[in-house]
Amino acid sequence: MGNKRIEVVSESMFYTLMAFLHGEYSGAEIAGIIDKLTNGRVRLGPATLYTILGRFEEEQILVETRTEGRKRIYRITDKGIKMYHDEHKRLAQCLADAIAWEEGAK
């Protein structure tokens, strides 16, 4: 894929990390979880999803735990959990800033 480290967590990446917090899944299962979690607002096509999974595996954010036929099963690593929590904290701060700005602007 390349040697560039992940510096920006996209919405699709964030939801992928979130979905893996509760277990080991295949790509297709993750796509379904994200679709359900977001009520269809975020849909990951195969190209986007498998690019994310490949990149996360390359960066040791996910590890493959087993295969079931052609299906590859992954789990999140400690590095991935930290990445999720760091991004969650950043997004929460963005929302807090927005709320404070809106209240101050009234």
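Me: Buried means under 20% relative accessible area, exposed over 50%, and partly exposed in between, with a 1.4 Å probe and protein chains only. What share of the 106 residues in the protein is buried?
Reply: This is a predicted model, where local features need pLDDT of at least 70 and side-chain atom pairs count only at pLDDT 80 or more, while totals for chains, interfaces and linings use all residues. Residues are numbered from 1 along each chain as its sequence is written, and side-chain values use heavy atoms, with hydrogens and water left out. Of the 106 residues in the protein, the buried share is 35%.

Me: In what order do the elements of the protein run from the N terminus on?
Reply: Helices (H or I, at least four residues) and strands (E, at least two) are DSSP runs, numbered from the N terminus. The protein has 4 helices and 3 strands, and its C-alpha atoms fill a box of roughly 60 × 30 × 25 Å along the principal axes. From the N terminus, the order is α-β-α-α-β-β-α.

Me: Which strands stand at the edges of the sheet?
Reply: Two strands pair if DSSP finds at least two bridges between them. The 3 strands form an open sheet in the order E1-E3-E2, with antiparallel pairing. One side of each edge strand is left without a neighbour in the sheet, because each has a single partner strand; these edge strands are E1 and E2.

Me: What angle does the direction of H1 make with that of E3?
Reply: Axes are lines fitted to C-alpha atoms, for helices over the stretch in contact, and angles run from 0 to 180 degrees between N-to-C directions. Contact means heavy atoms within 4.5 Å. H1 packs on the sheet and touches E1, E2 and E3, and its direction makes an angle with that of E3 of about 85°.

Me: Which residue in E3 is the bridge partner of Val63?
Reply: Strand E2 (residues 62–68) pairs with E3 over 6 bridges in the antiparallel sense. E2 and E3 form a hairpin with 2 residues between them, and Gly69 in the turn has a positive phi of about 70°. In E3, the bridge partner of Val63 is Arg75.

Me: Which residue in E3 is the bridge partner of Tyr25?
Reply: Strand E1 (residues 25–26) and strand E3 (residues 71–76) run antiparallel and are joined by 2 bridges. In E3, the bridge partner of Tyr25 is Tyr74.

Me: Which residues does Ser26 contact, leaving aside its neighbours within four places in sequence?
Reply: Ser26 is found in strand E1. With a relative accessible area of 3%, Ser26 is buried. Leaving aside neighbours within four places in sequence, the contacts of Ser26 are Lys71, Arg72 and Ile73.

Me: How far apart are the end C-alpha atoms of helix H3?
Reply: The expected span of a helix is 1.5 Å times one less than its number of residues. Helix H3 (residues 46–58) has 13 residues and so should span 18 Å. The distance between its end C-alpha atoms agrees with this, at 18 Å.

Me: How wide an arc around the axis do the buried residues of H3 cover?
Reply: The buried residues of H3 are Leu49, Ile52, Leu53, Arg55 and Phe56. The arc is that of the directions from the helix axis to the C-beta atoms. These residues lie on the same side of H3, because they cover an arc of only 165°.

Me: Which exposed residues does the face of H3 turned away from its buried side carry?
Reply: Just after H3, Gln60 takes a positive phi of about 60°. On the face of H3 turned away from its buried side, the exposed residues are Pro46 and Ala47.

Me: Is Ile6 buried or exposed?
Reply: Ile6 is found in the segment before H1. Not counting residues up to four places away in sequence, Ile6 touches Met13, Arg55, Phe56, Glu59, Ile61 and Met83. Its relative accessibility is 13%, so Ile6 counts as buried.
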